[in-house]
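Please read these points with the model open beside them.

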Amino acid sequence: MAGNASALATEDGVRAVYAAHGAELFRFAYRSLNDRGLAEEAVQETFVRAWQASDRFDDRLGSLRTWLFAIVRN
């Protein structure tokens, strides 16, 4: 596990990552889904999945932001 991924290992860390990227992820999801409720769910699910898979994130392969956007897209 590298750099920023360790932030996803704790509740405070997840909150910090959400504060840094949550609004941008929401805007992306809202533009894609055109539904506020679905966009909120997509972002929530993104952070759950990121937290669950935090041990697989490697910042040598890309940024945490890019990784989160890949999750929300899928």
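Helices (H or I, at least four residues) and strands (E, at least two) are taken as DSSP runs and numbered from the N terminus. On that basis T46 lies in helix α2. The model is predicted: local features need pLDDT of at least 70, side-chain atom pairs count only at pLDDT 80 or more, and totals for chains, interfaces and linings use all residues. Residues are numbered from 1 along each chain as its sequence is written, and side-chain values use heavy atoms, with hydrogens and water left out.

1. Span of α1. Helix α1 covers residues 11-33, which is 23 residues. Its end C-alpha atoms are only 28 Å apart, short of the 33 Å that a straight helix would reach at 1.5 Å a residue. The expected span is 1.5 Å times one less than the number of residues.

2. Kink in α1. The helix has a kink of about 50 degrees, centred on H21. The bend at a residue is the angle between axes fitted to the seven residues ending there and the seven starting there.

3. Buried means under 20% relative accessible area, exposed over 50%, and partly exposed in between (1.4 Å probe, protein chains only). An α-helix has 3.6 residues a turn, so residues three or four places apart point the same way.

4. A29. This residue of helix α1 counts as buried because its relative accessible area is 4%. Contact means heavy atoms within 4.5 Å. Not counting residues up to four places away in sequence, A29 touches N34, A39, A42, V43 and V72. The C-alpha atoms of A29 and E40, eleven residues apart along the chain, are separated by 7.9 Å.

5. N34. Which residue follows α1 with a positive phi? N34 does, with phi near 55 degrees, although N34 is not a glycine. Most residues other than glycine have a negative phi. N34 is found in the loop between α1 and α2, and counts as exposed because its relative accessibility is 60%.

6. Is T46 buried or exposed? T46 counts as buried because its relative accessibility is 1%. Leaving aside neighbours within four places in sequence, T46 is in contact with L25, L68, I71 and V72. The buried residues of α3 are L64, W67, L68, F69, I71 and V72, and what covers them includes α1 and α2.

7. Largest pocket. A pocket is an open set of points on a 1 Å grid over the protein atoms alone, where a 1.4 Å probe fits, with protein on both sides within 12 Å along at least five of seven lines; lining residues have an atom within 4 Å of a point. The largest pocket holds about 190 Å³ of space. Its lining consists of T10, E11, V14, R15, Y18, Q44, F47, V48 and W51. The elements giving two or more residues to this lining are α1 and α2.

8. R15. R15, one of the lining residues, is found in helix α1 and counts as exposed because its relative accessibility is 53%. The C-alpha atoms of R15 and A42, 27 residues apart along the chain, are separated by 16 Å.

How values were computed
Points joined across faces, edges and corners; volume = space filled by probe spheres on them.
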